[in-house]
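The following note sets out comments on the complex shown below.

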Amino acid sequence: MNTLPITEADLHAFVDGKLPAARRLEVDAYLAQRPEEAERLRAYTAQNDELRALFNPVLDEAVPERLSAARPRQWQWQRLVAGLAIALFSGTTGWLLHGQQAGEIQYAQGDSMQARPALYVAGLAHQAAIAHVVYSPDVKRPVEIGADQEEQLVAWLSKRLGTAIRPPRLGKLGYELIGGRLLPGAQGAVAQFMYHDATGQRLTLYVSTDQAHNKDTGFRFAQEGPVNVFYWIDGKFGYALSAGINKAELARVATAVYDQLEKPS
Amino acid sequence: MPNSRDQLLACIPRLRRYARALVGDRAGADDLVQDTVERGWGRLASWEGGSDMRAWLFSIMHNLRIDQARRPSVPTEALNEETSMALAPGSSSSGLELRDMETALRALPEEQREILLLVALEEMSYDDVAQTLKIPIGTVMSRLSRAREKMRANMEGRAYIAPLKVVK
């Protein structure tokens with residue numbers, strides 16, 4: 001019988017079950033003579049199986065609404081917004097706060113928030129969420145300066161950020177200050193204050209001072225993986241409050257933070 | 001025959017699985033899927049009914065990834081990888097092995113990773129992979145070969161020596 005030589009492509013097709021039955025038999029015969037090659041192909045087959053084991057569970061996950069409800073958007077306009085806005089909009093889950101009326105806060109589903117700037121823009125909420133995820137699980141050293149040295153913390157961060165800044169008090173809501181740290185932001189230094197409640201649930205407030213170009217002052221919500229983030233811009237300050245707690249609870253804390261920053265005691 | 005809207009929606013879980021494997025973190029992967037779906041809706045009119053919508057959507061996703069790579073890199077990517085590649089619950093029996101797999105997959109260049117994933121997860125034919133990625137079939141085969149051998153070397157804890165095979 002005259003058979004074509006077995007190629008590397010045949011071997012891969014063998015692994016992937018893409019060979020016609022006759023060719024498959026020929027490869028079987030070929031491998032029977034070459035245990036090392038057979039071993040190599042077994043490893044490749046195992047890779048296929050393991051990749052499926054690793055990622056097939058994603059198929060059974062509920063599809064996030066932002067994906068099933070996604071709609072076409074206008075790309076030209078989209079790009080323009082992406083260039084101008086640093087903060088990430090949060091698609092259909094975006095919440096808009098009209099916080100101008102003192103003491104009263106209204107939420108409205110933001111229809112104009114359907115569009116979201118390019119995803120890979122390193123927005124305030126995104127950076128805050130990353131910083132939260134990186135530092136909040138740290139058991140030994142979640143902060144650089146602890147709350148026991150609050151005066152020192154305030155003086156240091158104010159000096160480094162070039163503006164007076166102090167952590168809001170959230171004790172009434174059950175969150176005590178752990179301390180703070182300085183982080184690199186897009187344009188310069190950024191402060192992160194960390195709080196925890198009695199159960200150990202951690203919450204971080206990310207304060208950036210380079211948002212003067214950002215005219216988008218709405219109060220917004222974003223979900224970054226397991227982390228929920230409320231964020232807003234106030235003058236040159238950008239604030240983002242991050243925690244792995246539900247939106248309503250986080251909104252309550254964000255409201256308190258906003259109030260204290262608006263009306264410094 | 002389901003209409004094109006339903007077909008597009010039906011593709012989302014597969015797009016998510018692939019994107020998760022390609023990108024690594026959940027939020028970044030879903031962002032990519034969302035961009036893909038939005039662009040897909042916008043171009044639905046240009047999709048040729050009867051052709052493989054799945055391949056069409058994977059093409060869109062591939063092009064988005066290329067656009068993304070051309071943009072200035074975002075300094076958060078490395079952290080993203082650490083943050084949220086949540087292993088599926090229930091996979092803990094061979095959890096360590098799967099984690100090695102995940103690490104080895106991350107170590108591949110993306111041009112190899114995408115081919116391995118289209119073949120292993122999507123079970124696409126090599127011709128479809130070539131069409132989806134707009135590259136010659138020979139390139140598909142050589143990248144697939146390198147990807148698999150590199151993964152194997154990585155899983156066995158030895159260095160990959162390239163190139164091992166000449167592909168015809």
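1. In this predicted model, Lys134(B) belongs to the loop that joins H7 to helix H8 (137-155) of chain B. The phi angle of Lys134(B) is near 55°, a positive value in a residue other than glycine. Most residues other than glycine have a negative phi. Lys134(B) has 9 other C-beta atoms within 10 Å and is therefore classed as exposed, given that 12 or fewer such neighbours qualify a residue for that class.

2. Is Glu123(B) exposed or partly exposed? Because 13 C-beta neighbours fall inside 10 Å, Glu123(B) counts as partly exposed.

3. Helix H6 (residues 110-120) of chain B and helix H7 (residues 126-133) of chain B have axes 10 Å apart, at an angle of about 135°. The crossing in which H6(B) passes H7(B) is right-handed.

4. Which residues form the contact of H6(B) with H7(B)? From H6(B) come Glu114(B), Ile115(B), Leu118(B) and Val119(B), and they meet Val129(B), Thr132(B) and Leu133(B) of H7(B). By residue class, this contact comprises five nonpolar, one polar and one charged.

5. The axes of helix H1 (residues 4-23) of chain B and H6(B) come within 10 Å and cross at roughly 150°. This crossing of H1(B) and H6(B) is right-handed. On the H1(B) side the contact involves Tyr18(B), Ala21(B) and Leu22(B), and on the H6(B) side Arg113(B), Glu114(B) and Leu117(B). The residues concerned divide into four nonpolar, no polar and two charged.

6. As to overall architecture, chain B contains eight helices and zero strands, and along the sequence the pattern reads α-α-α-α-α-α-α-α. Of the 168 residues in chain B, 39% are buried. Among contacts in chain B between residues at least 6 apart in sequence, 62% link residues at least 24 apart.

7. Chain A has nine helices and nine strands. Buried residues account for 33% of the 265 residues in chain A. Where contacts in chain A join residues at least 6 apart in sequence, 59% of them connect residues at least 24 apart.

8. One position in chain A may be noted individually. Ala38(A) lies in helix H3 (residues 35-55) of chain A. With 16 other C-beta atoms within 10 Å, Ala38(A) is partly exposed. Its C-alpha atom is separated by 9.8 Å from that of Val27(A), eleven residues away along the chain.

9. The mean pLDDT of chain B is 80, with 77% of its residues reaching 70 or more. Among the elements of chain B, H6(B) has the highest mean pLDDT (96) and helix H4 (residues 77-83) of chain B the lowest (37). Over residues 73-93 of chain B the pLDDT stays under 50, and the model has 35 contacts beyond four places in sequence for this stretch.

10. Among the elements of chain A, helix H1 (residues 8-15) of chain A has the highest mean pLDDT (96), whereas strand S2 (residues 106-109) of chain A has the lowest (34). The pLDDT is below 50 over residues 73-122 of chain A, a stretch with 86 contacts in the model beyond near neighbours in sequence.

11. What ipTM and pTM does the predictor give the complex? The ipTM is 0.82 and the pTM is 0.52.

Definitions and conventions. Residues numbered from 1 in each chain as written. Chains lettered and ligands numbered in written order. Predicted model: local features only at pLDDT ≥ 70, side-chain atom pairs only at ≥ 80, totals over all residues. Axes fitted to C-alpha atoms, helices over the stretch in contact; angles between N-to-C directions. Helix = DSSP H or I, 4+ residues; strand = E, 2+ residues; numbered from the N terminus. Left-handed = near helix turned anticlockwise from the far one by under 90°. Contact = placed C-beta atoms within 7 Å. Nonpolar A, V, L, I, M, F, W, Y, C, P; charged D, E, K, R; others polar. Buried ≥ 20, exposed ≤ 12 C-beta atoms within 10 Å, placed from the backbone. pLDDT = per-residue confidence, 0-100.
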